[in-house]
Amino acid sequence: MIVRSGIRFLSTAGALALVAGLSPAYAQDAAPADAELSSQVQDIVVTARRRDETLQQTPIAITAISPVQLEAKAAINIGDLQGAAPNVLITNQNSGAAAANVSIRGLTFADVEKSFEPTVGVVVDGVFIGTSTGQFFDFFDISQIEVLRGPQGTLFGRNTIGGVINIRRTRPTGEWGGKFELSYGNYKTWAGRAVVNAPIIDGVLAAKAFYFHNQSDGYYRHGVTGKRVGASNNENFGASFLFTPSGNFDALLTLEKQVQDFDPVNSNISNSSEVFCAFEPAAECNRNTTSDLYTVFNSPAHSSYKAPAATLEMNLDLGGIKLTSITGYREAKEAQTQDFDASSTDLYYVNRTQKFHQFSQELRGAGKFSDSFDYVVGAFFYDSKYHLVQETRIFGGPAPTQDITGTSQSYAFFGDFNLQLIDKVRLSFGGRWTHDKKTSENFVTPTQFPKASYSGSKFTPKVGLDYRPTDDLMVYTSWSRGYRSGGLSGRGQTLISSTTPYGPETVDSYEVGLKSAFLDKRVLFNIAGFYSDYKSLQQNTTIPIAGGIGNETVVTNVGSATIKGLEAELTAKPVRGLTLTASLGLLRSKFKGFLTQAPVGGVLTTFDYSANNLIYNPRQTFSATADYVMPLNFGEARFNVSYRNIAPYDQQISLGPTTTVGGIVVVNGNDPRVRSDRQGLIDASASLVFDINGNKARVTAYGRNLADDRGPTAAFTVAGLFSFASAREPRTYGLQFGYEF
């Protein structure tokens with residue numbers, strides 16, 4: 001199936017390349033100064049490997065997204081990348097503030113608890129965000145986004161097993177200038193954003209201030225009151241200072257704060273097989289998981305999130321070596337109530353308050369041993385601590401309160417090397433040694449469990465080979481090992497689950513790829529195939545327990561899995577001003593030996609989940625975009641249309657149909673309610689850009705999900721008690737007004 005789909009995509013790519021080749025002769029004329037109107041696809045310089053190199057000369061699978069592309073799509077946040085890059089999913093998790101579920105190449109861990117590390121790293125200005133909370137990032141003040149697929153332990157401060165989304169914001173320019181944007185859309189959604197640059201000491205000290213605001217009444221409607229619910233109010237503000245006292249040293253300090261207030265909303269998808277349906281109004285049970293999701297019956301709930309942060313990047317060029325130091329500090333305070341049974345009956349209501357802080361320090365050196373041998377070496381330290389208090393109300397009465405404190409420390413040494421073996425053949429190799437230590441102190445009234453700890457170390461290597469027969473063609477192959485440390489379950493409710501650590505997981509990733517340019521760089525075509533062998537897989541499973549809140553979610557090492565796939569990306573400029581892009585991702589994955597245990601009727605029972613689908617593993621993601629820029633006597637007009645198609649995928653490992661064989665309960669798939677439907681998302685925008693005395697004004701009309709494709713963005717079942725879900729954004733549209741000077 002992968003091969004057949006790949007052949008179909010290659011045929012489509014060939015057809016587009018032919019169209020580009022047959023386009024009118026004027027496309028061969030000298031390119032205008034404006035790169036977007038050039039007849040060639042412009043080189044994109046990326047820093048994914050901590051070196052400045054073009055995208056087509058970088059021997060890894062990477063997608064680069066420019067601020068011009070984001071502006072053309074009227075993109076707001078990191079969720080707008082969903083499906084745009086092959087085998088990449090990004091959904092919003094409403095159980096945590098600004099929280100993202102990110103999956104790259106089928107590797108993910110969808111949980112907001114601070115005790116778990118993200119599988120995919122979101123790195124902002126060189127700083128790794130240590131939890132999924134805070135990863136749902138605003139996209140206004142962006143220099144470039146790079147999506148790296150596969151393990152990245154040899155290049156980034158924090159090891160990542162699935163990949164990295166590397167976000168670079170703009171630096172202070174040292175000149176007076178700025179840009180502003182105001183937008184308004186349906187659901188009473190409006191946003192205001194501003195960035196202002198100013199010189200403080202000419203050539204020595206520059207400053208940039210920024211402020212982003214976004215609010216909405218929400219797209220849910222309450223089934224009893226008829227009012228809109230799910231309102232949100234998001235703000236991000238701060239300032240950056242760039243100090244350049246000499247030509248070989250610079251220091252960039254950014255101080256900022258992220259604030260979010262929103263009303264968490266859950267949709268009730270419980271059915272008659274679950275306990276809570278017996279206590280809920282009949283009309284609120286046995287509902288569908290598409291259109292019904294947008295009518296809810298929740299009790300009022302609210303979330304407040306405040307996260308100040310500071311980042312200091314320093315660069316010193318000593319001629320033979322460039323030294324870089326990146327220091328990051330981030331803290332967060334959260335207070336969130338949530339009605340998880342999602343009915344008008346008070347059955348399961350939670351109040352969570354928590355504090356979190358992280359500190360990271362990365363030191364890096366880059367240089368050359370010779371013209372044919374370069375290197376990047378570094379050291380990294382990470383420290384975090386969280387304190388969570390969760391009060392739960394069940395059937396209107398209090399359940400035991402959980403009070404947990406957890407810490408995490410990690411330090412590592414890493415290196416990445418490029419050696420030119422012979423003309424046109426290069427060897428890339430490197431490795432990372434990581435040591436992790438974690439602790440957990442859990443108090444579940446009235447029981448204080450003993451303090452538990454975990455520690456472990458791992459070396460993870462990488463090796464690759466690339467061959468460049470021409471300037472427009474490169475083939476490469478690589479093997480890398482990814483690693484995610486073990487730890488302790490942050491939601492354990494019993495002595496065993498609270499004090500028993502789970503072990504690390506690893507993935508061996510094999511990749512082969514091709515990057516190519518045709519027709520005088522008017523067509524770029526990149527393709528990569530990969531195979532990932534996932535060992536000691538960490539998986540969270542919700543199981544019933546006697547007493548307390550009736551269930552607990554614990555993490556165990558459940559076995560192994562294999563994931564294989566194909567990724568292809570095409571960029572073509574058939575005529576001047578028109579850019580066509582397309583991407584295809586294909587995935588096939590399966591568990592091997594997924595066994596876990598849970599009490600059933602007082603008897604410890606073995607469950608075999610090997611037949612279940614891995615979560616956030618759609619068999620296919622596809623996107624196609626057309627962007628057209630037309631010069632006018634007062635500026636330009638711009639039109640952007642894109643289509644994203646995402647195959648169905650499961651959102652939780654859960655209990656579907658079962659059979660019992662030899663005393664083992666064999667689970668024959670996940671609960672069908674946690675499976676998304678196929679998504680076909682159509683986005684479009686049209687802009688008029690005016691040149692006003694060298695400044696730029698813009699008016700944009702936009703629409704997202706124009707076909708109003710509705711369905712779940714997350715779904716969860718709780719151990720036979722109840723189930724809930726959240727809905728993806730329906731059709732939205734509006735106007736944007738921008739000004740840049």
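What you see is a predicted model, in which local features need pLDDT of at least 70 and side-chain atom pairs count only at pLDDT 80 or more, while totals for chains, interfaces and linings use all residues. Residues are numbered from 1 along each chain as its sequence is written, and side-chain values use heavy atoms, with hydrogens and water left out.

Let us begin with an open sheet of 5 strands, in the order β3-β8-β9-β6-β7 and with mixed pairing. Strands here are DSSP runs of E with at least two residues, helices are runs of H or I with at least four residues, and both are numbered from the N terminus. Two strands count as paired if DSSP finds at least two bridges between them. At the edges of the sheet lie β3 (62-65) and β7 (127-128), each pairing on one side only. Within the sheet, β8 (residues 142-149) and β9 (residues 163-169) run antiparallel and share 7 bridges. To find this pair by eye, look for Gln144, which stands opposite Arg168 in β9.

A pocket is found on a 1 Å grid over the protein atoms alone: it is an open set of points where a 1.4 Å probe fits, with protein on both sides within 12 Å along at least five of seven lines, and lining residues have an atom within 4 Å of a point. The volume of the largest pocket is about 1000 Å³, taken as the space filled by probe spheres set on the points, with grid points joined across faces, edges and corners. Of its 46 lining residues, Ile44, Ala64, Gln69, Thr571 and Thr581 are the closest to the centre. The strand that gives the most to the lining is β37, with 6 residues. By class, the lining has 22 nonpolar, 15 polar and 9 charged residues; Ala, Val, Leu, Ile, Met, Phe, Trp, Tyr, Cys and Pro count as nonpolar, Asp, Glu, Lys and Arg as charged, and the others, Gly among them, as polar.

Some of the lining strands also pair with one another. β33 and β34 are antiparallel, with 13 bridges, and their hairpin has 5 residues between the strands, with Gly577 at a positive phi near 95 degrees. β34 is joined to β37 by 9 bridges, again antiparallel, and Thr581 faces Thr625 of β37.

Our last stop is strand β44 (residues 722-727), where 6 of the 6 residues are buried, so the strand is largely enclosed by the rest of the structure. Buried means under 20% relative accessible area, with a 1.4 Å probe and protein chains only. Phe722, Phe724 and Ser726 point one way from β44, and Ser723, Ala725 and Ala727 point the other way. β43 (residues 712-718) pairs with β44 in the antiparallel sense over 6 bridges, and the two form a hairpin with 3 residues between them. β17 (residues 267-268) is also an antiparallel partner of β44, over 2 bridges, with Ser267 bridging to Ala725.

Asn268 sits in β17 and is buried, with a relative accessible area of 1%. A polar atom of the Asn268 side chain lies 2.9 Å from the backbone oxygen of Glu284.

Definitions and conventions:
Buried means under 20% relative accessible area, exposed over 50%, partly exposed in between (1.4 Å probe, protein chains only). A polar contact is a pair of N or O atoms within 3.5 Å; within protein, one must be able to donate a hydrogen and the other to accept it, and residues adjacent in sequence count only if both atoms are side-chain atoms.
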